[in-house]
Amino acid sequence: MEEKQIREEFDTGLTKIRHEIKSQLVRHGFFGIVTCVDIESVDHVLSGSTISITVKGRTVERSFSRQDIEGSRLRVASAVLSGIISMVEEISK
């Protein structure tokens, strides 16, 4: 049960991050594809995710730690928000 709850917090954080990315893209007049690939350590323990944004054939990606993603489950802020903003700025150039 505890593992399921931990995964739920991680997935909720990813959902919030995806929503924030889509919101940032709309502000720049873009529509894009957001993909997330889980990063697992050698012990098969979830350690984070690599998030990619593809707009008009251009792709940018950043990796975020599990703690950053789970910390975004209520509100996307700090390092994750800065990363999202820089990704969107990079893809809009």
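Predicted model: local features only at pLDDT ≥ 70, side-chain atom pairs only at ≥ 80, totals over all residues.

Student: How do you know whether the radius of gyration agrees with a compact globule?

Tutor: We set the value against the rule. For 93 residues, a compact globule would have a radius of gyration near 12 Å; the protein chain has 13 Å, so the two agree. Along the principal axes, the C-alpha trace spans about 40 × 25 × 20 Å.

Student: Which helices and strands build the protein chain, and in what pattern?

Tutor: The protein chain has three helices and three strands. Along the sequence they follow the pattern α-β-β-β-α-α.

Student: Why is F10 called buried?

Tutor: Buried means under 20% relative accessible area. F10 has 0%, so F10 counts as buried. This residue is found in helix α1.

Student: What does F10 touch, leaving aside its neighbours within four places in sequence?

Tutor: F10 is in contact with D38, L46, G48, S49, R66, I69 and E70 once those neighbours are set aside. Take S49 from that list: F10 and S49 are 39 residues apart along the chain, and their C-alpha atoms are separated by 9.6 Å.

Student: Why is R27 called exposed?

Tutor: Exposed means over 50% relative accessible area. R27 reaches 62%, so R27 is exposed. R27 also lies in helix α1.

Student: What makes a set of residues a nonpolar core, and which members touch the most others here?

Tutor: The members must be buried, come from a list of residue types that includes Ile and Leu, and be joined through side-chain atoms within 4.5 Å. The largest nonpolar core has 21 residues, and I17, I21, L25, I51, I53 and I84 touch the most other members. The elements giving two or more residues to this core are α1 (2–27), β1 (33–40), β2 (46–55), β3 (58–65) and α3 (78–92).

Student: Which residues does I17 touch, not counting those up to four places away in sequence?

Tutor: I17 touches I51, I69, S72, V76, V80 and I84 on that count.

Student: How many of the contacts with a separation of 6 or more link residues 24 or more positions apart?

Tutor: Such pairs account for 50% of those contacts in the protein chain. As for burial, 35% of the 93 residues count as buried.

Student: Where is S78, and why is S78 called exposed?

Tutor: S78 is in helix α3. Its relative accessible area is 58%, so S78 is exposed. Phi of S78 is near 50°, a positive value in a residue other than glycine.

Student: How many positive and negative charges are counted, and how far apart are their mean positions?

Tutor: There are 13 positive and 14 negative charges, and their mean positions are 10 Å apart.

Conventions:
Residues numbered from 1 in each chain as written. Heavy atoms only, no water. Buried < 20%, exposed > 50% of the residue type's maximum accessible area, 1.4 Å probe, protein only. Helix = DSSP H or I, 4+ residues; strand = E, 2+ residues; numbered from the N terminus. Contact = heavy atoms within 4.5 Å. Rg over C-alpha atoms; globule rule 2.2 N^0.38 Å. Lys, Arg positive; Asp, Glu negative; His and termini not counted. Charge placed at Lys NZ, Arg CZ, Asp CG, Glu CD.
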